[in-house]
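Please open the structure in your viewer and keep the selection tool at hand. The stops below say what to select next and what is there.

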Amino acid sequence: MKAKFRPARAFKTALVYLLVLLVSFIFAFPCIWLVLSAFNAEGDLLTLDGFFPETYSLETFRRLFTETNKYDYPRWFGNTLFVAAVSCVISTFLVIAVAYTISRYRFKSRKSLMKATLILGIFPNFMNMTALYVIMTQLHLINNLWGLILLYSSGSAMGFLVQKGFFDTIPSTIYDAATLDGASDFRVFISITLPLSKPMIVYTALTAFVWPWADFMLPSMLLVDKSSWTVAVGLNSLDDSEFSIFAAGSMFVAVPIIVLYVALSKYLIEGGAAGAVKE
Amino acid sequence: MAVKQGKAGVCSDYRVKLSCAFMGLGQLFCRQFIKGALLMLFEIGFILFLIFQGVENIIGLFTLGTTEGVPIMGIEGDNSVSMLAWGITTLFFIAFFALAYHANIKDVIFTVREIQKGNRVRTFRESLSTLLNQKFYVLTLTVPLVFVCVFNVMPIVFTALVAFTDYGGEIVPPRLVSWTGLQSFKVIFTMSEYIGTMGKILAWNILWGFGSTFLVYFGGLGLALLYNARCLKWKRFWRVFPMLAYAIPSFITLTGFCFMFCDSGPIVGQLKALEWVGETFTIISYDSKWSLRLLGFFCCAWIGIPSVMFLATGILSNASKDMYEAARLDGANGFQQFWYLTLPFVLFATTPVIISTFINQFNNFSIFYFLRPETVYAPGYFNANSSDLLINWMYNLTVENGLYSLGSALSLILFAFMAVFSLVAYVTSPAYKKEDTYR
């Protein structure tokens, strides 16, 4: 049976496409603008003709990677990658362990732990900053990338509620069966829970990677030396006369995450929803 | 029968008393040698710590230093701030030790009970394997808990205590800091420049909190519904665009928007070239108010909507199709289906999301930090700008101007407000009460 042409439905379809096109434009335009600006032959923001450069060249990228005395971009990039990768591994491990424990076991202080986490989460992050600065100074972790890694790992351990919501959905009968078969709790976790929660682990790892990768506050406070800066601090130190350098530098930060996100979007959507529904 | 002997019977056992007197002694007499020795070593270590460092730290916490340093003359005085930090750390150690002591007594009571029942005493190896099984949670939670205590709880305690000192302004090490009680709070609530600024900022902050939460939440929901429409082809392709906005780090987005809308940027330039606005038109300048606030809402929507959208997309795919089929048969139109089916379902599923969105937006530091790069303060505001939220004001007070005690007092006020709000919202939410429904 062929669908009959109905004006009302056609109008609705047209409206939907119009809206989608509009939304896509709003989201895409700033990105296109930034990418094209990176190829501007001149560096200054004022040299743009309207929105876009007059002449295009690869000059900015050459400067980005060679003028290391002014902006040591390769170094910043390496620092960021190191911090993000190490904290990603540690945080994922911690978050999954905590979420699983809170979801699976019933112990005395369980509910109060959850409430305490919630309250701690409310405390404005940077308000701890003066205190953190003092503590990090005492521990000699200023200008030290490991200090950042410690902070990110401990901070992410508190964000376990989404993962806990996911673990809540795994039926407890599976666990009971395994325990009856004589598996230790550790065994159960390794050989039953982990394989079942692959989407959740991908989701956790991704979010754990992106936070340090994109964070500005902590590095700007703890990293004083230019050589230990991360990309966020470095790029933020540029003003509008170095706009194309900023645009080009941003591309290398944003593109890897965009690729990761688009490739893993399935996990991202499933993971976030699985935790939220039953949180 | 032995169990019914009750607590008194066990507690009067000499081994329990020994463990109360010194950690691990009772365990030794229960022939648990390794465990007992480890516990005794632990207590000895703690006592040594107290003697050589701990007592001094605690005294330091109360005095905050007695000799003032004079760097020019080479006199190294006390550093009040690090004394405060170490004092708090020592308190944490003591609390941890008390917990361990309690656990030690409970452990020996358990063992003595087993002995009285005539059971064999657990070997050290067996104790360890218990840790892997019934007490698995101790194993997984200890490390994160220590981390969180050091890097999250301790800074908060530190900040809270700083609110009751005169730390900040002129009084920073090497000068001595001292306890001043409620002085900072008094200053905030009585000095006109503070209370006036706080009133204005708080009003804007509340408007911002509700406005941006509403915008982001319903924008995201609307977008999810739009991208879910049945007549839309290539859904995966269209979803890449909001994914772009979701993936780009916000410091790039915000700095990018700042460049785009600033005086030398293309938007203002184009508007001037088209002569739609006068020569003096600016969006971002030190005294711009509503233009920058609206820009804030726009950027916040651009950044925040995609994440809510993806969440809602996931949730919508869980909604039962039968429900909609039945509604359609009963003659419900698209709007009614949205209002009576979709919205309640999504609202139920995302209550925690709404709460966390509100908290994040209420304390959204980065939006106006990046959108207004200069630190020239607006007239009528004390160390703040008309678009600043409370958190930006606190940043200005503490990090930019070093008024630590005032900033801390302010953050305590804000924190009390937020904590009560979200705890009530969270505990009364159906998602929290019916946690086990889906098991």
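Predicted model: local features only at pLDDT ≥ 70, side-chain atom pairs only at ≥ 80, totals over all residues.

**Stop 1**

Select chain A and hide the rest. Switch to a cartoon view: chain A has 14 helices and 0 strands.

Turn the view along the principal axes, and the C-alpha atoms fill a box of roughly 75 × 70 × 30 Å.

Next, colour chain A by burial. Of its 279 residues, 43% count as buried. Contacts can be looked at by their separation in sequence: among those in chain A between residues at least 6 apart, 74% join residues at least 24 apart.

**Stop 2: chain A against chain B**

Bring chain B back. Here 79 residues of chain A are in contact with 81 residues of chain B. Which helix of chain A gives the most to this side? Select residues 7-38 of chain A: this is helix H1, which gives the most, with 12 residues. By class, the side of chain A that touches chain B has 54 nonpolar, 17 polar and 8 charged residues.

**Stop 3: the two domains of chain B**

Now hide chain A. Select residues 3-181 of chain B for domain 1 and residues 186-433 for domain 2, and give each a colour. The C-alpha centres of these domains of chain B lie 42 Å apart. Their contact takes 10 residues from domain 1 of chain B and 9 residues from domain 2 of chain B. On the domain 1 side of that contact in chain B there are 5 nonpolar, 4 polar and 1 charged residues.

**Stop 4: a helix pair in chain B**

Stay in chain B and select helix H8 (residues 183-190) together with helix H20 (residues 404-427). Their axes are 9 Å apart, and the helices pack at an angle of about 75°. H8(B) and H20(B) are therefore roughly perpendicular to each other.

Show the side chains where the helices meet. From H8(B) come B:Ser184, B:Phe185, B:Val187 and B:Ile188; from H20(B) come B:Ser405, B:Leu406, B:Ala409 and B:Leu410. The residues of this contact of H8(B) with H20(B) divide into 6 nonpolar and 2 polar, with no charged.

Notes. Residues numbered from 1 in each chain as written. Chains lettered and ligands numbered in written order. Contact = placed C-beta atoms within 7 Å. Helix = DSSP H or I, 4+ residues; strand = E, 2+ residues; numbered from the N terminus. Nonpolar A, V, L, I, M, F, W, Y, C, P; charged D, E, K, R; others polar. Buried ≥ 20, exposed ≤ 12 C-beta atoms within 10 Å, placed from the backbone. Domains from an automatic or database assignment. Axes fitted to C-alpha atoms, helices over the stretch in contact; angles between N-to-C directions. Parallel < 35°, antiparallel > 145°, perpendicular 65-115°, else oblique.
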